[in-house]
Amino acid sequence: MSKVTGTTRLFPLIIGGAAVAITAPVSMGAQEAEEFDEAQLYFELNDTDGDLGFHGLIDGDAWKRLEISDPDERTLMNILVRGALRRQGMTEIFFESDEPRLTELPADEFFARFPEGTYEIEGVTLEGGELEGEVELSHVMAAPPSNVMVNDEASAVNCDAEELPVVSEPVTISWDGVTQSHPTIGTPGVAVTVQQYQVVGEISREGETPEELVFAVDLPAGVTSFEFPEDFTGLADGEIKFEIVTKLDNGNQTAVESCFELE
């Protein structure tokens, strides 16, 4: 990723097999715009792997054109759909940036590309009407949860650790609630409000179909433990990977990963 300058950055996209043309900024008329049903822009940090990315999720009435601009009114993305897809219209789009390791792109350089502030999302409907949304982007990232346990045994630092916890079913993952921002990435040393946690389990099965089984559950902010259903863990033959994702009320997410083995 190259550093964003004062000039417009344009990204070529191919969506649904149709070419998506990159054009000049969206020109909006004088009529009142409708709000997108959903407009999210946020950062996602994998604290275990040490990588950081910029994500977006936009949903609403069918549109044929979409533009995202940063607080300095620099265009980050400008999409015009063509052909049959233009007649059909787009409604929902999710994207995520490349996520180089922080050793390749330090966090301060990454955040300099995406300054804090109000990001504007504008669209044009199939009928020529206007869609709009505003997102307040923050550099406050959740600290990774501490005291992560697997059946009351300390979790491994990562899945490459020499020794992983060996446990029997049922398997319960627990952790201490997150109350502070990340100590070194983003804006350190401030109190945070957790919107929700997500626990993800992954089972790899070489040579089988499907080769990977994934289980995910969203938990309220006050819940800091989860027991995997044995219908899921019972499908594993050895190692299970798990992830705890902390989502803040500003939309940013911080994930940690580890693995355990079943007896």
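Trainee: OK, what should I know about the model itself?
Mentor: This is a predicted model, in which local features need pLDDT of at least 70 and side-chain atom pairs count only at pLDDT 80 or more, whereas totals for chains, interfaces and linings use all residues. Residues are numbered from 1 along each chain as its sequence is written, and side-chain values use heavy atoms, with hydrogens and water left out.

Trainee: How many aromatic pairs are there?
Mentor: Searching the whole structure gives 17 aromatic pairs, where rings of Phe, Tyr and Trp (its six-membered ring) pair if their centres lie within 6.5 Å, and planes under 30 degrees apart count as stacked, over 60 as edge-to-face and the rest as tilted.

Trainee: Why is the pair of Phe110 and Phe111 edge-to-face?
Mentor: Their ring planes stand at 75°, with the centres 5.4 Å apart, so this pair is edge-to-face. Phe110 also pairs with Phe114 in a tilted arrangement, at 5.3 Å centre to centre and 50° between the planes, and both Phe110 and Phe114 are buried.

Trainee: Which residues do ring pairs link into a cluster?
Mentor: The cluster linked by ring pairs holds Phe43, Phe54, Phe95, Phe110, Phe111, Phe114 and Tyr119.

Trainee: Switching topic, how much of the protein is buried?
Mentor: Of its 263 residues, 47% count as buried.

Conventions. Buried means under 20% relative accessible area, exposed over 50%, partly exposed in between (1.4 Å probe, protein chains only).
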